[in-house]
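Work through the exercises below with the sequence and the 3D structure at hand. Try each task before reading its solution.

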Amino acid sequence: MKQALHKMNPSVKFLIITVCMLTLAFFFNPWTPLICWGGVILLQLCFSTIDWKKWLLFMIPFLIMSFGYFWTTIVFAEDRTGAVVWSVFQYDITRTQLDHALSLSFRVLAFAGLSLLFAFTTDPTKFILSLMQQLKLSPKIAYSILVGYQFLPVMKEEFVHIQQAHRLRGAVRDRNAIVRLWNVRRLLLPMLAGAVRKAERSAFAMEARGFTGEKRVEFYQVVRVGKNDVVMSALFIFILAAGCAITLK
Amino acid sequence: MLAKWKLKEVVLMALFSVVFGIVYLLFLHVGNIWAGFIGPIAYEWIFGIWFIVSIICMYIIRKPGAAVISETIAAAIEVLLGNAVGPRLILSGLIQGLGAEAAFAATGYKRFTLPVLMLAGVGSSIFSFAYGYLLGGFSVFHPGYVMLMLGIRIASGALIAGVGGKFVVDGLLATGSLRGYPIARAVKGDARA
């Protein structure tokens, strides 16, 4: 039970979360996203074994971002009808404005909650394999992505090496974070040149081992859709429906 | 669509998408925090960065689909790395890629001059803005504010993605590592690989 979200088929999870997000985009009241956010957290509490400390850390930027949405929506709102509920510095905030602002900031949180659920409970390799098996992603692309994914640690190392090489030759590391970000462009070219060579070599290796990229029906690692997926999907839909139902009254 | 592709072109596209997936993620975090202080308009200045891989791949590989597939893979990599915008990002990647692809398709995949690359950046801007308008709930904002956001995004798409993308690939072409890809064949006087 505790593993139900982890065991869910990645493609099914992906589709259901996308449906939830697209549906949320049509609601402009504060309650729908708030209920969905709460529901998603509850789901994770019951059916997953994620690291909550890490979860909280990832949530912080979104709290800041949702605050940004909150105040810009109030200041730049188009619809200023409704009763005044709050006055700051002789600036009147109406009911509609406040509702829209709360709705948008809760929406950011609900989206973040859904995304973190996906990111924390999905194994990347299984996700690509499932995309290929359930959603008919071309094997040529699927295996190429997996190659790219395998190269990640190598590239990370390379990134550090190039940085060190630059410093050896006297390139100074800037104190300013924005300047440092801008200086990343100097590392980009050597990184990309390396990527081109890696791509060429792995493509030859794959072809040498008989990879043609044809569609296939049999796989070494099979990712299945089962009863667990139906149950979990139903739970997601239930949360979404509960959130939507509150607007009907 | 992929039948005419060489495997090394597909792998190259995937690898570039991985590299830019990381770059995108970096900017996503920067943008997120920035957006907290100045609102959703914070993204608009740097939005072009997120379109760059589609333009780079199309400029090198020059086959239908290079823009939309690469952008989608880059988004998928961001999701795989555990970013916090989530699976929805794949959809935005697909839409941004379609915007760039539309510009290249309009020229029949024959011309890859700077204006065309910039047009692709603009295409991505417009497509992604329409999507963001719906999903971000921009309709609650004042129309003037929305137009300002769109204007900045178009400029950013044309300059960062269009001009920046060309700059990166031309630099890469000069290193000679792109021999054997369609871009090298298109350059006059280059050795046939």
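**Before starting**

This is a predicted model, in which local features need pLDDT of at least 70, side-chain atom pairs count only at pLDDT 80 or more, and totals for chains, interfaces and linings use all residues. Residues are numbered from 1 along each chain as its sequence is written, while chains are lettered from A and ligands numbered from 1 in the order in which they are written.

**Exercise 1. Confidence**

Task: State the mean pLDDT of chain B, and find which of its elements have the lowest and the highest mean pLDDT.

Solution. 
- Step 1. pLDDT is the predictor's confidence in each residue, from 0 to 100. For chain B the mean is 84, and 91% of the residues reach 70 or more.
- Step 2. Helices are DSSP runs of H or I with at least four residues, strands are runs of E with at least two, and both are numbered from the N terminus. Among the elements of chain B, helix H2 (residues 42-46) has the lowest mean, 80, and helix H3 (residues 52-61) the highest, 92.
- Step 3. For the complex, the predictor gives an ipTM of 0.80 and a pTM of 0.79.

**Exercise 2. Two helix pairs in chain B**

Task: Classify the packing of H4(B) with H5(B), and of H6(B) with H7(B).

Solution. 
- Step 1. Axes are lines fitted to C-alpha atoms, for helices over the stretch in contact, and angles run from 0 to 180 degrees between N-to-C directions. Angles under 35 degrees count as roughly parallel, over 145 as roughly antiparallel, 65 to 115 as roughly perpendicular and the rest as oblique.
- Step 2. Helix H4 (residues 66-80) of chain B packs against helix H5 (residues 88-106) of chain B at about 160°, with axes 7 Å apart. H4(B) is therefore roughly antiparallel to H5(B).
- Step 3. Two residues are in contact if their C-beta atoms, placed from the backbone, lie within 7 Å. Among the residues of H4(B) that meet H5(B) are Ala67(B), Val68(B) and Ala74(B), and those of H5(B) include Leu89(B), Gly93(B) and Phe104(B).
- Step 4. Ala, Val, Leu, Ile, Met, Phe, Trp, Tyr, Cys and Pro count as nonpolar, Asp, Glu, Lys and Arg as charged, and the others, Gly among them, as polar. The contact of H4(B) with H5(B) has 12 nonpolar, 6 polar and 3 charged residues.
- Step 5. Helix H6 (residues 114-135) of chain B and helix H7 (residues 143-175) of chain B pack at about 140°, with axes 7 Å apart. H6(B) and H7(B) are therefore oblique to each other.
- Step 6. The contact includes Leu117(B) and Phe129(B) of H6(B), and Leu150(B) and Arg153(B) of H7(B). By class, the contact of H6(B) with H7(B) has 11 nonpolar, 6 polar and 2 charged residues.

**Exercise 3. The contact of the chains**

Task: Find how many residues each chain brings to the contact and which helix of chain A gives the most.

Solution. 
- Step 1. Chain A brings 61 residues and chain B brings 48 residues.
- Step 2. The elements of chain A that give two or more residues to this side include helix H2 (10-24), helix H5 (95-121) and helix H9 (184-208). H9(A) gives the most, with 15 residues.
- Step 3. The residues on the side of chain A that touches chain B divide into 42 nonpolar, 11 polar and 8 charged.
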